[in-house]
Amino acid sequence: AVSFLAIIWLSTAGRDSDPREMTSAEAPFAAHPDFAEVAEIVGYRCAACHAAEPVWAGLYWPPKGVALEHDVEIVRNARAIYLQAAVSHAMPPATVSVMEAEERALIAAGYRDVTGG
């Protein structure tokens, strides 16, 4: 019983009270006019692996612990998405999903609009 309680405590330790609530610094990403389209791209191209329960065979948790199923998760990982998908083209792996150049450009433009970069 003690082990079970310890597992429950460890699985919830450090979590925000509402992890889906965006901060004032995160909100501009979600308010961007192209955010819905970017979120759709991320959902289609990334979330099969980057999900709490990935659907890609052989994955049992999201790579690097990064889930991208919800808007707030996309916003919180905007910089990583920008760097991995738009700048370096490292993600998604071509063997998993081919992200079109237009999709990468939309991700890059939205990120740069919000950050001024």
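Student: How many cavities of 30 Å³ or more does a search of the whole structure find?

Tutor: The search of the whole structure finds 1 cavity of that size. A cavity, on a 1 Å grid over the protein atoms alone, is a set of points where a 1.4 Å probe fits but cannot get out. Points are joined across faces, edges and corners, and a volume is the space filled by probe spheres set on them.

Some ground rules. The model is predicted, so local features need pLDDT of at least 70 and side-chain atom pairs count only at pLDDT 80 or more, while totals for chains, interfaces and linings use all residues. Residues are numbered from 1 along each chain as its sequence is written, and side-chain values use heavy atoms, with hydrogens and water left out.

The protein has 6 helices and 0 strands. Helices (H or I, at least four residues) and strands (E, at least two) are DSSP runs, numbered from the N terminus. Of the 117 residues, 32% count as buried. Buried means under 20% relative accessible area, exposed over 50%, and partly exposed in between (1.4 Å probe, protein chains only).

The largest cavity holds about 150 Å³ of space. H3, H4, H5 and H6 each supply at least two lining residues. By class, the lining has 10 nonpolar, 2 polar and 1 charged residues. Here Ala, Val, Leu, Ile, Met, Phe, Trp, Tyr, Cys and Pro are nonpolar, Asp, Glu, Lys and Arg are charged, and the others, Gly among them, are polar.

Take H3 (residues 35-45) next. Its buried residues are Phe35, Val38, Ala39, Ile41, Val42 and Arg45. The face turned away carries exposed Ala36, Glu40 and Tyr44. The buried residues of H3 pack against H2 (27-31), H4 (71-76), H5 and H6 (101-115).

A nonpolar core is a set of buried Ala, Val, Leu, Ile, Met, Phe, Trp, Tyr and Cys residues joined through side-chain atoms within 4.5 Å. The largest one has 20 residues, and Val42, Leu68, Ile74, Ile81, Met99 and Ile107 touch the most other members. H3, H4, H5 and H6 are the elements that give two or more residues to this core.

Leu68 leads on to the open space. Leaving aside neighbours within four places in sequence, Leu68 is in contact (heavy atoms within 4.5 Å) with residues including Val42, His50, Ile74 and Ile81. The largest pocket has a volume of about 390 Å³. Of its 18 lining residues, the closest to the centre are His50, Pro63, Leu68, Gln84 and Met91. A pocket is an open set with protein on both sides within 12 Å along at least five of seven lines. H5 (residues 78-87) gives the most to this lining, with 4 residues. The pocket lining divides into 13 nonpolar, 3 polar and 2 charged.

Met91 has one more feature. A cis peptide bond joins Met91 and Pro92, with omega about -15°. Pro92 sits in the loop between H5 and H6.

Terms used: 1 Å grid on protein atoms, 1.4 Å probe; cavity = no way out; pocket = protein on both sides within 12 Å on 5 of 7 lines; lining within 4 Å.
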